[in-house]
Amino acid sequence: MSADLLAVDGLVAGYGAAPVLHAVDLRVPAGTITAVVGANGAGKTTLLRTLSGMLRPTAGRVLLDGEDLRGTPVEQLVRRGMAHVPEGRGVIGELTVEENLRLGALWRRDRTDAARALDEIYQLFEPLARRRRHLGHQLSGGERQMLALGRALVARPRLLLLDEPSLGLAPRVVAQTMALLRNLRDNAGLTVLLVEQNVRSALAVADQGVVMSLGRVVTTAPADRLRDDADLRHAYLGF
Ligand code: ATP
């Protein structure tokens with residue numbers, strides 16, 4: 001068992017007076033993929049937003065590689081190795097592919113290093129290399145997903161927070177995305193926290209599954225055990 005890259009204890013967060021997350025506990029081992037699944041409104045997106053500093057928790061703590069992240073500004077979180085690809089992906093339609101990717105490398109002072117990181121992304125995502133001068137809004141849904149992922153990967157994160165990467169994509173593109181995540185885990189040691197409505201695809205690629213319901217973690221288990229547990233699937237996952 002590898003050490004935990006991310007440890008979350010008693011996290012409480014929300015958008016107003018009433019919390020959405022009620023004391024969430026979570027462990028994400030380094031070099032693994034964890035899928036967070038659960039019905040609409042379970043709090044999955046809110047969890048990722050809180051981890052990436054978009055929302056401030058009212059209680060609890062988040063440790064990245066043993067370091068408490070409380071009060072850490074968002075840009076510092078990127079430096080410490082966290083990257084968030086939000087739901088809807090946040091590609092900027094008026095900028096070119098290359099400009100969008102450069103945004104991911106902005107914080108790097110070393111320009112040679114940034115250029116190398118961009119080259120790596122173009123090797124990983126060949127269609128982006130071909131379209132580097134196209135605007136974000138000229139891309140297909142699958143290409144936009146690649147670009148959002150690429151922009152996060154340019155920062156060479158240790159922990160990738162990924163919200164609904166399969167949303168609106170053809171099954172073939174979903175399969176490619178999942179295969180890429182597996183590849184990055186196996187060959188680059190990337191750790192992924194993946195939020196998905198597409199439970200089957202998510203549990204197929206994940207090592208660990210976390211089931212959320214009404215702002216709480218109800219079960220954490222190896223992904224294959226969750227796939228095989230019919231009672232749990234019926235109760236929380238709807239299949
Ligand atoms: P989905 O897959 O539908 O996005 P989810 O599990 O990601 O579901 P969240 O989006 O985290 O769930 O939503 C959890 C709760 O927080 C819901 O009750 C939702 O109405 C509420 N919520 C989400 N975003 C906001 C917001 N910006 N302001 C106020 N409440 C919000």
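Basis. I am working with a predicted model, in which local features need pLDDT of at least 70 and side-chain atom pairs count only at pLDDT 80 or more, while totals for chains, interfaces and linings use all residues. Residues are numbered from 1 along each chain as its sequence is written, and side-chain values use heavy atoms, with hydrogens and water left out.

Helix pair. I looked up H3 (residues 97-105) and H4 (residues 111-124), whose axes come within 10 Å and cross at roughly 125°. Helices here are DSSP runs of H or I with at least four residues, strands are runs of E with at least two, and both are numbered from the N terminus. Axes are lines fitted to C-alpha atoms over the stretch in contact, and angles run from 0 to 180 degrees between N-to-C directions. I noted the crossing of H3 and H4 as right-handed. On the H3 side, Val 97, Glu 98, Leu 101, Arg 102 and Ala 105 make the contact, and on the H4 side Ala 114, Leu 118, Ile 121 and Tyr 122 do; contact means heavy atoms within 4.5 Å.

Asp 65. I found a positive phi of about 50° at Asp 65, which is not a glycine. Asp 65 sits in the loop between strand S4 (59-64) and strand S5 (67-68). Its relative accessibility is 48%, so I recorded Asp 65 as partly exposed (between buried, under 20% relative accessible area, and exposed, over 50%, with a 1.4 Å probe and protein chains only).

Arg 156. I found phi near 50° here too, a positive value in a residue other than glycine. Arg 156 is in the loop between helix H6 (141-154) and strand S7 (159-163). With a relative accessible area of 32%, Arg 156 is partly exposed.

Terms used
Left-handed = near helix turned anticlockwise from the far one by under 90°.
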